[in-house]
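Subject: Structure handover

Hello,

Here is the structure you asked about. Please open it and keep it beside this email while you read.

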Amino acid sequence: MTRPAHFIAHTGRVSLAAIEEMGYQFTLFAESLYWLIAGPFVSQPVRLSAVADEMMKIGVLAVPVVVLLSFSNGVMMAIQGIATLQEFDAESQVVPGIAYSVTREFGVLIAAIVVAGRSGSAIAARIGSMQMSQEIDALRVMGIEPVRHLVAPILLAMLLMMPVLTLLADSAALIGGGLYTGIVLKLSLSTFIDRCFDTLAVYDLMQGLVKSLVFGILIALIACSNGFSVTGGSEGLGRATTRSVVLSIAAIVVADMIFTYFLNR
Amino acid sequence: MPAINQQSEPVIEIRELITYYGERKILDGINLAVESGEIMVVMGGSGSGKSTLLRHLLSLNRPAAGNIRLFGKAVNKLSSRALHQMRQRIGVSFQGGALFNSLNVEENVAFPLREHTRLDDNTIRIMARMKLEVVNLAGFEKLMPSQLSGGMIKRAALARAIVMDPKLLFFDEPSAGLDPVVSADLDELILRLRDAMGVTIVVVTHELESAFRIADRITVLDKGKILITGTTQEVKESDNPRVQNLLNRRTEDIPVNADEYLQRLTDDLAGL
Ligand SMILES: Nc1ncnc2c1ncn2[C@@H]1O[C@H](COP(=O)(O)OP(=O)(O)OP(=O)(O)O)[C@@H](O)[C@H]1O
Ligand SMILES: [Mg+2]
C-alpha cells in the first residue's frame with residue numbers, strides 16, 4: 001500500500017474502533033438504566049448494599065482529597081485574583097470572581113478529576129481482573145447479568161455521589177478563598193460568604209451540579225468498558241487501567257469545554 | 001448407543017456446530033447428543049476446541065452456524081428471560097475455578113442462592129455448608145480463594161456449581177494439575193453426585209485415566225472435529241488411528257520404566 005493510503009486506512013480503523021467503543025459504552029449505559037428501573041419488576045433488582053458499597057468507595061473515601069485540593073485551589077484563586085485586580089484597584093471584586101469560577105467550573109472539575117483518578121482506575125482494575133479470572137463468565141452462566149450486578153451500582157453511586165462531592169468541593173474552595181481574602185483585605189469570613197451568596201444565583205450552582213452528573217456517567221462508563229474489554233493478561237490489565245484514567249480525564253475536560261461554551265454564551 | 005435414557009429427549013443436542021475465532025475455524029460441524037443422567041466426557045488434545053465447545057454450550061459465545069438445544073429448547077432463540085431461567089438449572093465449574101476473589105468460600109457457594117432465592121440468611125448458610133460437606137471442604141468456610149490449594153479451589157467451585165441443585169452440570173478439567181489421589185477423589189465425587197442427584201454431567205478433560213473412570217460415554221475431539229462418540233469400550237476398541245494415537249501416547253507414558261528412563265537421560269553421556 002502507498003503511504004497516504006496506508007495512513008487513511010489506519011485512521012479509518014482507529015475511528016471505527018473509537019465509534020465501536022462509544023457504542024459499547026452507550027449500551028452499558030442503556031442496560032444499566034434498564035436494570036435500575038425495571039430490575040425490581042423482573043425480580044432481578046440492583047442490590048442496594050452494592051450501591052452503598054460503591055458510594056463508600058467512590059464518594060466517601062474521596063472526600064479528604066477533594067476537600068484538600070479544592071481548599072488549596074480556592075486559596076490560589078484568591079492569591080491570583082487579588083494580585084491581578086490590584087493593578088486596577090479593584091481587589092474587592094475578587095469575591096464574585098472566585099464565587100463564579102468555583103461554582104461553575106473548578107469545584108466540579110476538581111471533584112471529577114479526583115474521582116476519575118481514584119475510582120476510574122480502581123473500577124477498571126476490579127472488573128478487568130474479574131474478566132481475566134473468568135468471574136464475569138461465572139456470573140453470566142449463573143444467570144446474573146454482569147451489567148446489573150457490577151455496572152448499575154457503580155453508575156447509580158456516581159450519580160448520587162458526584163453532586164455531593166461537587167458541593168463539598170465548592171464549599172471548601174470558597175472557604176479557602178474566603179480565608180485568604182479575609183487575611184489580606186481584612187474581610188471577615190462571614191462577610192465573604194454573604195457576598196458570595198449575594199453574587200451567586202441558583203443557576204451558577206446548578207451549572208456545576210449538572211456537569212457533575214455528566215462527568216460521573218462518563219467516568220463510570222469509561223472505567224467499566226475498559227475493565228470488560230481487558231485481554232492479554234496482566235499487561236493488558238495495566239493498559240486498561242491507565243487508559244481508563246487518561247480517557248476519563250480527557251472526556252471530562254472536553255465535555256466541560258463544550259458545556260461552558262453553550263452555557264455561558 | 002447404549003445410552004441410559006434413550007426414550008426421552010436428549011438434554012443436550014448439538015447440530016452441525018461451526019465456530020470461528022476471527023478467521024480461524026475452531027469447531028467444524030460438531031454433532032453430539034447427551035442423554036439425561038449420563039456422564040459424557042469430552043476428550044481431546046490441547047487446542048482441539050474443548051473449552052470452545054463448552055463456551056458455546058453455555059451461550060457465552062455465538063456460533064457461526066448450527067444450533068444447540070438444551071432441555072429441548074434452541075438456546076439461540078431463547079428470550080433473555082428464558083435464558084436467565086434456564087441458567088439456574090445449569091451448574092458450571094470452570095477450569096480455573098472462577099471463584100469470586102472478593103468473597104470467602106462460604107459466600108462463594110452461597111452466592112447463587114442469595115441472588116436467585118428468597119431464603120433467609122441462616123437457611124442459605126446451612127445449604128452452602130451442606131454442599132461444602134459434600135465436597136469435603138467443611139471447616140474451610142472462612143478462607144479466601146487466594147488461600148486455597150488447587151484441589152480445594154476445584155472442590156469449592158464444584159460446591160458452588162451444585163448449590164442450586166442443577167439438572168445439568170459442566171465440569172472443565174476436574175483433574176488437571178492435581179495429584180492422582182486428589183484427582184481420584186474428585187472423580188469419585190462426580191460419580192456420587194450423578195447417583196445422588198440424577199444430574200446430567202459433561203466433563204471436559206485431557207486426562208485419560210480420569211476420563212475412563214467416570215465416563216458413560218466419551219467423545220473424542222480433534223482439530224475441531226469429532227472423531228468418535230461411544231462407550232469407553234467402543235472408544236478403546238476404535239480402529240481410528242488418530243484415536244489410538246491419542247490413547248496410546250498417554251497409556252504408554254504412564255507406567256514409567258525406571259531403567260529405560262535412566263537410559264534415556266544418560267544416553268551418550270561420556271564416562272558412564
Ligand atoms: N479468545 C480466543 N481468541 C482467539 N483464539 C482462541 C481464543 N480462545 C481459544 N482460541 C483458539 O481456539 C483453539 C481451541 O481452543 P480451546 O481453548 O477450545 O482448546 P482446548 O481443547 O480447551 O485446549 P486445552 O486442553 O489446552 O484447554 C486454540 O487453537 C486456541 O488458540
Ligand atoms: Mg481448555
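Start where the two chains meet. Chain A brings 18 residues to the contact, and chain B brings 23. Together the two chains bury about 1,700 Å² between them. Of that area, 56% lies on carbon and sulfur atoms. On the chain A side, A:Glu135, A:Val141 and A:Met142 lose the most area to chain B. Together they make up 35% of what that side buries. Please keep in mind that this is a predicted model.

Two residues show the contact from either side.

Take A:Ala138 first. Look for A:Ala138 in helix H5 of chain A, residues 135–141. Is A:Ala138 buried or exposed? Its relative accessible area is 2%, so A:Ala138 is buried. Which residues does A:Ala138 touch, apart from those up to four places away in sequence? They are B:Phe94, B:Ala98 and B:Arg160.

Now go to B:Glu115. This residue sits in helix H3 of chain B, which covers residues 105–116. B:Glu115 has a relative accessible area of 11%. The cut-off for buried is under 20%, so B:Glu115 counts as buried. Leave aside its neighbours within four places in sequence, and B:Glu115 is in contact with A:Arg47, A:Ile144, A:Arg148 and A:His149. B:Glu115 and B:Leu227 are 112 residues apart in sequence. In space they are 41 Å apart, C-alpha to C-alpha.

Next, chain A as a whole. Chain A has nine helices and zero strands. Its pattern along the sequence is α-α-α-α-α-α-α-α-α. The C-alpha trace spans about 65 × 55 × 35 Å along its principal axes. Chain A has 265 residues, and 44% of them are buried. Now count the contacts in chain A with a separation of 6 or more. Residues 24 or more positions apart account for 85% of these.

From H2(A), the contact uses A:Ala50, A:Val51, A:Glu54, A:Met55 and A:Ile58. From H6(A), the residues include A:Pro153, A:Ile154, A:Leu156 and A:Leu165. By class, this contact has twelve nonpolar, no polar and one charged residues.

The second pair is H3(A), residues 63–86, and H4(A), residues 94–132. These helices pack at an angle of about 150 degrees, with their axes 10 Å apart. Among the contact residues of H3(A) are A:Val65, A:Leu69, A:Asn73 and A:Leu85.

Last, find A:Ser244 in helix H9 of chain A, residues 233–263. A:Ser244 counts as buried because its relative accessibility is 0%. Not counting residues up to four places away in sequence, A:Ser244 touches A:Gly120, A:Ser121, A:Ala124, A:Ile222, A:Ala223 and A:Asn226.

Best wishes

Notes
Residues are numbered from 1 along each chain as its sequence is written. Chains are lettered from A and ligands numbered from 1 in the order in which they are written. This is a predicted model: local features need pLDDT of at least 70, side-chain atom pairs count only at pLDDT 80 or more; totals for chains, interfaces and linings use all residues. Side-chain values use heavy atoms; hydrogens and water are left out. Contact means heavy atoms within 4.5 Å. Helices (H or I, at least four residues) and strands (E, at least two) are DSSP runs, numbered from the N terminus. Ala, Val, Leu, Ile, Met, Phe, Trp, Tyr, Cys and Pro count as nonpolar, Asp, Glu, Lys and Arg as charged, and the others, Gly among them, as polar. Buried means under 20% relative accessible area, exposed over 50%, partly exposed in between (1.4 Å probe, protein chains only). Buried area is the accessible area (1.4 Å probe) that two parts lose on being put together, summed over both. Axes are lines fitted to C-alpha atoms, for helices over the stretch in contact, and angles run from 0 to 180 degrees between N-to-C directions.
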